[in-house]
Amino acid sequence: LLALSLTAPLAAQEPLRVVQREQRYVFSQSLEFTLGVESASPVVEAVLFYGREGVPLVRRIYPDLTPGLKPTLRHTELLESGQFAPGTVFRTWWELTLQDGTVYRTPVETFEYTDANHTWQIVAGDDVLLFYYGKSLSLAQKLLMRAEEAIARLQEQIGVSLEQPVRIYVYNNSRDMQASLSTRSETYDSRVVTLGVAVGEDTLLLLGDHRDVEQTLAHELSHIVVGLATDNPYADLPRWLDEGLAMYAEGK
């Protein structure tokens with residue numbers, strides 16, 4: 001009976017069975033997707049879909065496939081530095097077409113992409129999740145308090161409320177922060193130190209060892225709150241106005 005159950009045709013139970021499925025990444029270098037299946041009819045086409053959670057746009061990828069009953073599909077997506085912010089949540093699924101015409105779609109899975117080079121700790125407020133490593137809890141709590149104060153002031157001045165907490169990643173030095181930043185040119189990157197930058201709609205990267213860290217914090221939070229207030233499908237806010245408002249948010 002055991003031998004019969006092991007050798008019974010797959011089609012008697014299900015047309016396709018997933019035996020391996022993995023989503024991995026190397027921060028700021030690559031995303032890696034793997035799918036292994038067993039099928040009653042040869043798999044003749046495979047499509048990988050992935051995109052950011054909450055964003056309708058997704059990528060459609062056709063990985064290399066040798067038609068067969070037990071294919072293993074792999075795709076590696078090379079990334080540029082800073083292409084995706086730490087804390088980005090991806091959703092992904094596969095669509096497989098069998099030789100007999102059956103189309104099988106795997107369930108949607110999600111995974112979080114973050115800077116795994118550091119052991120992050122978290123302090124949380126009403127509107128902020130602050131991630132830090134290797135620093136004292138008291139300093140993290142001080143930055144959290146300043147961030148909450150700045151957001152409350154900005155929301156009142158601009159007349160808009162955050163839809164979700166802002167994620168702030170505090171880096172200890174510019175070297176650690178570099179992997180999360182978009183590169184411009186070798187000359188620019190060697191001569192310019194980024195004190196903070198808003199990446200995406202709700203994420204902020206912050207250089208925590210600079211003396212003006214609190215002003216930088218308010219400046220970049222302004223970009224996020226103003227961006228929420230002016231979000232539209234037609235045009236961005238003029239750069240001079242966005243930067244002017246951010247400098248005003250720094251205070252004296």
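Two strands are treated as paired if DSSP finds at least two bridges between them. Helices (H or I, at least four residues) and strands (E, at least two) are DSSP runs, numbered from the N terminus. The model is predicted: local features need pLDDT of at least 70, side-chain atom pairs count only at pLDDT 80 or more, and totals for chains, interfaces and linings use all residues. Residues are numbered from 1 along each chain as its sequence is written, and side-chain values use heavy atoms, with hydrogens and water left out.

**The five-stranded sheet**

Valine 128 stands opposite valine 166 in β11. Strand β10 (residues 128-132) runs parallel to strand β11 (residues 166-171), and 4 bridges join them. These strands belong to an open sheet of 5 strands with mixed pairing, in the order β9-β10-β11-β13-β12. At its edges are β9 (121-124) and β12 (196-199), each of which pairs on one side only. From one strand to the next, the twist averages 20°. Strands of a sheet pair through backbone hydrogen bonds, in either a parallel or an antiparallel manner.

Axes here are lines fitted to C-alpha atoms, for helices over the stretch in contact, and angles run from 0 to 180 degrees between N-to-C directions. Contact means heavy atoms within 4.5 Å. Helix α2 (residues 137-158) lies across β9, β10 and β11 and runs at about 150° to β10. Helix α5 (residues 213-229) also packs on the sheet, where it touches β11, β12 and β13 (203-207); its direction makes about 160° with that of β13.

**The α5 and α6 pair**

Helix α5 packs with helix α6 (residues 239-249) at an angle of about 130°, with the axes 8 Å apart. The two helices are therefore oblique to each other; angles under 35 degrees count as roughly parallel, over 145 as roughly antiparallel, 65 to 115 as roughly perpendicular and the rest as oblique. On the α5 side the contact is made by Ala218, His219, Ser222, His223 and Val226, and on the α6 side by Asp242, Glu243, Leu245, Ala246, Met247 and Ala249. These residues divide into 6 nonpolar, 3 polar and 2 charged. In this division Ala, Val, Leu, Ile, Met, Phe, Trp, Tyr, Cys and Pro count as nonpolar, Asp, Glu, Lys and Arg as charged, and the others, Gly among them, as polar.

**The β1-β2 hairpin and serine 28**

Strand β1 (residues 16-26) and strand β2 (residues 30-39) run antiparallel and are joined by 10 bridges. Arginine 17 stands opposite glutamate 38 in β2. The two strands form a hairpin with 3 residues between them. Serine 28 lies in the loop between β1 and β2 and has a positive phi of about 65° although it is not a glycine. Most residues other than glycine have a negative phi.

Buried means under 20% relative accessible area, exposed over 50%, and partly exposed in between (1.4 Å probe, protein chains only). Two residues that count as buried are listed below.

| Residue | Relative accessibility |
|---|---|
| Serine 28 | 12% |
| Tyrosine 113 | 1% |

Tyrosine 113 is found in strand β8 (residues 109-113). Leaving aside neighbours within four places in sequence, its contacts include Tyr25, Phe27, Ser28 and Leu31. Tyrosine 113 and leucine 31 are 82 residues apart in sequence and 9.1 Å apart in space, C-alpha to C-alpha.

Threonine 97 is found in strand β6 (residues 88-98). Leaving aside neighbours within four places in sequence, threonine 97 is in contact with Pro42, Val43, Val44, Glu45, Thr102 and Val103.
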